[in-house]
Amino acid sequence: VPAACRNGVCELCGGRLLAGTAVNTRNQQKIPISEPLMLCRSRALTDLELEIDAVMAAGANQPRKFQAKVVDVQSISHDVYRVELQLPRRRELSFHAGQYLSVILPDAEPCYFSIASSPSEQSIELHIQASPEWVSAQKVIDALTAGGEVTLELPHGKACLAQAPTKPLLLVAAGTGFAQMKSLVDYLR
């Protein structure tokens, strides 16, 4: 089962418990049958029967791999970097505001980052927090600052807007969750 954040935020590993007994690892409460669960925050107490949505992207935008050129990497705080990537054929890529992508490095697990740019922009903007103890993110920054190209897989995620809302929105973000909110706000302008 694919996983990204490993703390129940991205919902990439979401499913529904159909049979068996599992507990939420955060509060040790049993998860009721037919209830949604994040597999990264669940522990099986018996054999489980799960329903896992195979569609990882919103709508018809299925994840695809692309080669992207690193255009710019700027430090915007002590451990956050603004990254600009250019795809050779940007018109072939479709994503919704609020979705994220994975950066695929050789001999490493994919690293997932929210897309900070609007779907209508020509380049892809990322905000990557790479503190020294976050080894995987630091490897990505090292690879990006070396220049050249990087392999991306996108789009991923369901926390997105496929169309403009008819009612006001309240967006709450912490840390580099700002990237996702920036994409949504830029899309709605």
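Predicted model: local features only at pLDDT ≥ 70, side-chain atom pairs only at ≥ 80, totals over all residues.
Seven bridges join strand S7 (80–86) to strand S10 (123–129), and the two run antiparallel, where strands are DSSP runs of E with at least two residues, helices are runs of H or I with at least four, both are numbered from the N terminus, and two strands are said to pair if DSSP finds at least two bridges between them. Within this pairing, Val83 has Leu126 in S10 as its bridge partner. Residues are numbered from 1 along each chain as its sequence is written, and side-chain values use heavy atoms, with hydrogens and water left out.

Staying with S7, five of its seven residues are buried, so this strand is largely enclosed by the rest of the structure; buried here means under 20% relative accessible area, exposed means over 50%, and partly exposed is in between, with a 1.4 Å probe and protein chains only. S7 also pairs with strand S6 (residues 64–75) in the antiparallel sense, over six bridges, and the two form a hairpin with four residues between them. One of the pairs there is Lys69 with Gln86, the latter in S7.

S6 is in turn joined to strand S11 (149–156) by six bridges, again antiparallel. Along that pairing, Phe66 stands opposite Leu152 in S11, and Arg64 has Leu154 as its bridge partner. S11 also pairs with strand S8 (100–104) in the antiparallel sense over four bridges, with Ile104 standing opposite Thr151.

Put together, these strands belong to an open sheet of six, in the order S9-S8-S11-S6-S7-S10, with antiparallel pairing. Which strands stand at the edges? They are S9 (111–114) and S10, each of which has a single partner strand, so one side of each is left without a neighbour in the sheet. The twist averages 40 degrees from one strand to the next, where axes are lines fitted to C-alpha atoms, for helices over the stretch in contact, and angles run from 0 to 180 degrees between N-to-C directions.

Now to the helices. Helix H1 (residues 135–145) lies across S6, S7, S8, S9, S10 and S11, running at about 135 degrees to S10, with contact taken as heavy atoms within 4.5 Å. Helix H2 (178–188) lies across S9 and S10, and runs at about 155 degrees to S10.

The loop between S11 and H2 holds Leu171, which at 34% relative accessibility counts as partly exposed. Leu171 also belongs, with Leu169, Val185 and Leu188, to a nonpolar surface patch of about 300 Å². Patches are made of residues with over 30% relative accessible area and no salt bridge, joining like charges within 9 Å and nonpolar side chains (Val, Leu, Ile, Met, Phe, Trp, Tyr) within 5 Å; the areas come from the Shrake-Rupley method with a 1.4 Å probe, and for residues only the protein chains shown count as cover. A salt bridge is a side-chain nitrogen of Lys or Arg within 4 Å of a carboxyl oxygen of Asp or Glu.

Finally, there is an open sheet of three strands, ordered S3-S1-S5, with antiparallel pairing. Its edge strands are S3 (36–38) and S5 (49–51), each pairing on one side only, and the twist averages 50 degrees from one strand to the next. Strand S1 (residues 14–19) and S5 pair in the antiparallel sense over three bridges, and Ala19 has Glu49 in S5 as its bridge partner.
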